[in-house]
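Please have the coordinates open as you read.

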Amino acid sequence: MSTAKFTRAIVRQIPDSIRDHSEANEYNARYGLPPVEPIDLDLARKEHAEYTQTLRDLGLDVTVLPADESLPDCPFVEDTCVIVGNRALLTRPYSESRRGEADAVNRVLMGLGLEIHQVDDEEATLEGGDVFFTGHEFFVGNSTRTNIKGIEFLRKTFPEYPVHAIPLAPPELHLKGVACIAAPGVIAVCESDWGIAAWKAIQEQAGFSYEALWTPVPDVDSPFIDDHTCDVIYFNGNLIHCMEEEGPKSVEIFAEKFPDLNRVEATVGELQNVDAGLTCCSLIF
Ligand code: CIR
């Protein structure tokens with residue numbers, strides 16, 4: 001996040017192939033997590049269209065890329081790129097099946113005249129879901145998806161900003177699933193074991209002072225309620241967060257903390273089945 005004005009967003013439509021071939025299937029199988037619930041594609045597309053409209057309603061000029069059936073996880077554009085100001089780093093996702101996703105995003109960014117860098121080391125991996133920028137420095141998950149060599153590319157691309165690596169492991173996928181910038185100086189953090197550990201690591205390494213805004217751990221009896229609600233989108237004084245029915249306690253916490261922000265509810269609910277969060281379906285710059 002930066003105090004600079006954000007004017008654009010990129011989103012990408014949902015291919016049919018996401019239902020059976022998302023990388024979430026591999027991830028859950030590899031780490032002994034429950035199998036992925038099948039996606040209702042019509043509902044997912046309706047929610048995605050509403051999410052896109054929310055970005056437009058908040059003043060962004062939104063480029064909608066067409067779906068690509070050969071890239072099942074292509075709607076998750078956040079993972080393809082890290083953008084700060086006029087500079088973009090095209091990432092190198094962990095999974096081979098996701099490596100082609102950045103091409104279409106790259107064409108849009110080139111057309112807009114951004115300075116483009118690329119993770120081009122075959123041993124490096126980096127996914128945008130692991131990265132958040134506070135306006136002063138980066139925090140990046142050192143996760144199953146992002147490794148130290150990938151993090152080095154972030155340092156090389158943005159040498160004027162400190163880059164801090166935050167350890168993360170399964171079942172958590174990306175850093176922003178447990179800690180995410182919510183407003184200038186405020187980091188929303190999930191009150192889970194991984195969230196608490198991430199916050200400790202953030203505090204140990206940060207060069208600036210931040211406040212944690214704790215979001216609840218889901219109830220064991222209703223595990224989808226208040227799940228990953230720290231994953232919020234902040235830009236230009238707007239805060240996009242989960243719907244009240246998805247995160248009743250979280251919405252109360254955001255409302256109390258941010259009476260002066262323009263708070264807007266949005267969901268990518270159906271895509272949560274394949275590990276999507278709110279931030280992952282857009283690039284905002
Ligand atoms: C994957 O496993 O890569 C996709 N199914 C989900 C990626 C979600 N990305 C994100 O939250 N930044």
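On a 1 Å grid over the protein atoms alone, a pocket is an open set of points with protein on both sides within 12 Å along at least five of seven lines, a cavity is a set where a 1.4 Å probe fits but cannot get out, and lining residues have an atom within 4 Å of a point. Grid points are joined across faces, edges and corners, and a volume is the space filled by probe spheres set on the points.

The model is predicted, with local features needing pLDDT of at least 70 and side-chain atom pairs pLDDT 80 or more, while totals for chains, interfaces and linings use all residues. Numbering runs from 1 along each chain as its sequence is written, and side-chain values use heavy atoms, leaving out hydrogens and water.

The largest pocket holds about 1200 Å³ of space. Its lining counts 43 residues, and Phe 224, Asp 227, His 228, Gln 272 and Asp 275 are the closest to the centre. Helix H2 (23-30) and helix H6 (193-205) are the elements that give two or more residues to this lining; helices here are DSSP runs (H or I, at least four residues), as are strands (E, at least two), numbered from the N terminus.

His 228 also has a positive phi, near 55 degrees, and belongs to the loop between strand S11 (211-215) and strand S12 (233-235). Most residues other than glycine have a negative phi.

There is one cavity of 30 Å³ or more. The largest cavity has about 110 Å³ of space, and of its 14 lining residues, Phe 76, Arg 98, Arg 145, Leu 173 and Val 274 lie nearest the centre. The ligand sits in this largest cavity (more than half of its atoms lie within 2 Å of the grid points).

| Residue, polar side-chain atom | Distance to a ligand nitrogen atom |
|---|---|
| Glu 78 | 2.7 Å |
| Asp 79 | 2.8 Å |
| His 174 | 3.4 Å |

Taken alone, the ligand exposes 340 Å², and the protein buries 96% of that (Shrake-Rupley areas with a 1.4 Å probe).

Finally, the peptide bond from Pro 170 to Pro 171 is cis, with omega near 10 degrees.

Terms used: Polar contact = N/O pair within 3.5 Å; in protein donor to acceptor, adjacent residues only side chain to side chain.
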